[in-house]
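Biologist: I have some labels to check. Please show me the model, then tell me what each label rests on.

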Amino acid sequence: MEPLSWAAIFGRMIFQLMPVWIALFVLFAVSISFKRKLGLYGKLFDSTIGMIGFGLVMFWVFVGIFGGPLDMIITHDPLSQISGMKNKGPGTALSSPGEGEYGYFLLGGDHLARDVFSRMIKGAWIVVQIAPLATLFAFMVGITLGLPAGYYGGRLDTLLSFLANLILAFPVILLFYLLVTPEIVLTGIPNYMALFLFVFPVVFVGILLNSRYHTRPNVRTPLLVVVLGVLGWLYLSLVSTNGALVAAPTYTIPGIPRVVDLFDIDPGILVVFVSVVFVNSPTVFRIVRGLAMDIKTRDYVAAAQTRGEGPWYIMLWEILPNARGPLIVDFCLRIGYTTILLGTLGFFGLGLASESPDWGTTINSGRQLLRAFVHPAVVPAVALLTMVLGLNLLADGLREESLRD
């Protein structure tokens with residue numbers, strides 16, 4: 001078969017991405033219809049920049065979902081090698097496709113004869129999994145520590161600020177290199193860090209509910225038992241791998257039984273996840289601390305203190321909601337930074353396996369033959385660029401609307 005023209009390539013890619021277009025259309029139609037009832041999210045659709053950014057971000061989110069666990073978009077196995085397709089250009093036909101096998105490499109093949117289009121799709125799922133969740137965990141750590149530091153001040157603020165500045169004093173890449181070095185991984189240090197950092201969402205939710213319902217123990221107690229029980233189960237499933245919390249060559253700390261372990265995270269992804277949370281948490285801490293120091297002087301905080309509200313109630317239900325604008329904007333920007341960071345780690349071969357289809361690893365493997373074959377490196381680079389661009393535009397739109405709020 002003859003190679004496809006560029007028009008045919010784009011036409012086939014548009015058809016392959018049909019589930020994504022349908023999901024985007026439904027999302028935008030519903031959101032615009034009810035935007036006046038959706039708060040800040042609804043106001044985002046009054047901003048052209050925000051809508052463009054949101055569209056780009058959700059495009060890659062849906063690509064990751066439909067191409068990852070649902071497996072509805074990819075045309076070939078992203079790890080399989082097909083004879084005769086090494087470094088082939090976009091639109092090249094397979095010499096002898098099997099029954100039911102897609103007949104073309106839409107965006108060409110890489111130096112190991114793997115489909116670039118399918119690897120780009122699977123790489124989106126890796127980014128969609130790690131970047132938002134790691135940023136969310138970093139925010140849980142930063143908020144839980146930053147609020148009391150800014151509200152109480154004194155020695156607590158001095159101690160936590162010193163620890164945050166100590167972490168920020170190290171270059172990010174050096175920290176990642178130290179954390180993902182095989183010798184460090186074998187000691188179990190990343191697992192201990194996961195045990196410590198991943199407990200913060202559980203602590204945050206527990207304090208949030210307790211401070212809200214502390215005057216209604218008949219509601220608070222059963223609610224805490226159910227919510228913390230579920231979150232504790234998820235926490236243990238997250239930090240436990242193959243039935244162990246920490247697995248080092250000389251010792252093993254047992255985790256929950258495999259029968260009740262909901263999921264196992266790949267050790268490479270877990271190390272990268274922990275590293276991202278660890279690096280981002282001090283910056284979030286400093287932002288939250290600064291906002292808390294400013295907002296705690298407002299009149300409504302003084303009014304809450306006069307009513308006899310507890311410190312955590314004031315921090316979580318008076319200060320935090322009034323800091324949501326800057327935090328939402330920073331959250332979007334930080335997902336973009338994390339996406340770039342993941343690409344950088346993959347480019348340097350840190351954390352994830354060398355055959356991983358994540359965009360950074362794919363760019364790194366494609367750059368070796370960049371002068372002769374451009375497409376293996378350019379395709380994931382454009383994907384990374386559009387994802388980060390969308391996050392930045394989304395943050396600009398949210399900032400614009402939050403200032404009007």
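Modeller: A salt bridge is a side-chain nitrogen of Lys or Arg within 4 Å of a carboxyl oxygen of Asp or Glu. By that rule, a search of the whole structure finds nine salt bridges. This is a predicted model: local features need pLDDT of at least 70, side-chain atom pairs count only at pLDDT 80 or more, and totals for chains, interfaces and linings use all residues. Residues are numbered from 1 along each chain as its sequence is written, and side-chain values use heavy atoms, with hydrogens and water left out.

Biologist: What makes R119 and D110 a salt bridge?

Modeller: Their side chains meet at 3.9 Å, N to O. The limit is within 4 Å, so the pair counts.

Biologist: Why is R119 called buried?

Modeller: Buried means under 20% relative accessible area, exposed over 50%, partly exposed in between (1.4 Å probe, protein chains only). R119 has 2%, so R119 is buried. D110 has 4%, so D110 is buried too.

Biologist: What about R289 and D157?

Modeller: Their closest N and O atoms are 2.5 Å apart, in a salt bridge. R289 sits in helix 12 and D157 in helix 6 (residues 154-168), 132 residues apart. Helices are DSSP runs of H or I, at least four residues, numbered from the N terminus. R289 is at 23%, so R289 counts as partly exposed. D157 is at 10%, so D157 is buried.

Key: Helix = DSSP H or I, 4+ residues; strand = E, 2+ residues; numbered from the N terminus.
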